[in-house]
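Here are some notes on the aromatic rings. Please read them with the structure open.

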Number of protein chains: 2
Amino acid sequence: MSEIAKKAGIAKGGMYYYFRTKEEVLDALVERQYGGIIASCGALMAGSHGDAISKLALLLRSYRTAQVDATLDVSLHMPQNAAIHQKSLGRILVALSPILAEVLAQGAAEGTFECAYPQEYAEILLSAFTFLLDPGIFSWTREQQGLKLRALADLLEAGLRAKPGSFAFLYAQ
Amino acid sequence: MSEIAKKAGIAKGGMYYYFRTKEEVLDALVERQYGGIIASCGALMAGSHGDAISKLALLLRSYRTAQVDATLDVSLHMPQNAAIHQKSLGRILVALSPILAEVLAQGAAEGTFECAYPQEYAEILLSAFTFLLDPGIFSWTREQQGLKLRALADLLEAGLRAKPGSFAFLYAQ
């Protein structure tokens, strides 16, 4: 709180004029950080003219490698901030799933995929991404994580009736 | 704390001999409750001699309708208990996935399924069940929830190369 107040050039007590608690500050930081990541994922898709597979690869890679501020990430994984962490995972899923669903629908229009449930498939995929692969909830080894990504690729290729190997971007380095 | 101490026939202060904080009490209650649910899911599978599909239906229905004590459930969904809630979702996934994976492997042995990643498929399925369908994290309508279950059935049938409709038990009433 002191550091933020100093940077903003106000007294520490003045912070409480804007935020009632420390949690509200963290919540606002998380909102801004993830809001930015989601906005840039949306812009990336709007600006890309590739086919559905290349757009999916772009979107998921961009999401997974998004730089979340390291200090913020450590704070989010502290037990006392679990409520904010959980809320943020939920928000990411809700905000990112329509963007992902649109790419799945594009693939269906192109004939690369068959998908009767683009929105729900997007949500199931993002559940694995945001929950199962969250290093703050589980501590998988690199090998276990690799297997989960291979299984996810296998499941999606089958579910979307896509060419085998088209989701290899999920696990290939 | 007072009520528990009264029931146990000890002074409220005596509680702190066993538990350092209120959170530790809640954690122990959650552990016992979910430990019980997982043990009964395991016993149900060990005692069932059906085929893989009927065992899956039994397992998932038994998990979804397991009576979690209502007061405990309300407590778990309070923001201050989010850390315990999150830990419990993670624990359920870790404990239930090998039981589910064994049923998937049975289906592969019977020729009902093809599955190269039973453990990982089980984890992805449980991510949707424990995270995406958690009413404390998301507030889906009954209709939205139904669509998610239909999509999950569609995805699993394709991924496991199972007969269309074999996962209808997920959404049929």
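1. Phe169(B) has a relative accessible area of 15%, so this residue is buried (buried means under 20% relative accessible area, exposed over 50% and partly exposed in between, with a 1.4 Å probe and protein chains only). Phe167(B) is also buried, at 0%.

2. This is a predicted model, in which local features need pLDDT of at least 70 and side-chain atom pairs count only at pLDDT 80 or more, while totals for chains, interfaces and linings use all residues. Residues are numbered from 1 along each chain as its sequence is written, chains are lettered from A and ligands numbered from 1 in the order in which they are written, and side-chain values use heavy atoms, with hydrogens and water left out.

3. Over all chains there are eleven aromatic pairs (rings of Phe, Tyr and Trp, the last by its six-membered ring, pair if their centres lie within 6.5 Å; planes under 30 degrees apart count as stacked, over 60 as edge-to-face and the rest as tilted). One of them joins Tyr17(A) and Tyr18(A): the ring centres are 5.2 Å apart and the planes stand at 90°, so this pair is edge-to-face. Tyr17(A) is exposed at 70% relative accessibility, and Tyr18(A) is exposed at 56%.

4. The rings of Phe167(B) and Phe169(B) also pair, with centres 5.5 Å apart; their planes are at 35°, so the pair is tilted.

5. A cluster linked by ring pairs holds Phe131(A), Phe138(A), Trp140(A), Phe131(B), Phe138(B) and Trp140(B).

6. Lys148(A) lies over the face of Trp140(A), 3.8 Å from the ring centre (a charge sits over a ring if NZ of Lys or CZ of Arg is within 6 Å of the ring centre and within 35 degrees of the ring normal). In chain B, the charged end of Lys148(B) sits over the ring of Trp140(B), at 3.8 Å from its centre.
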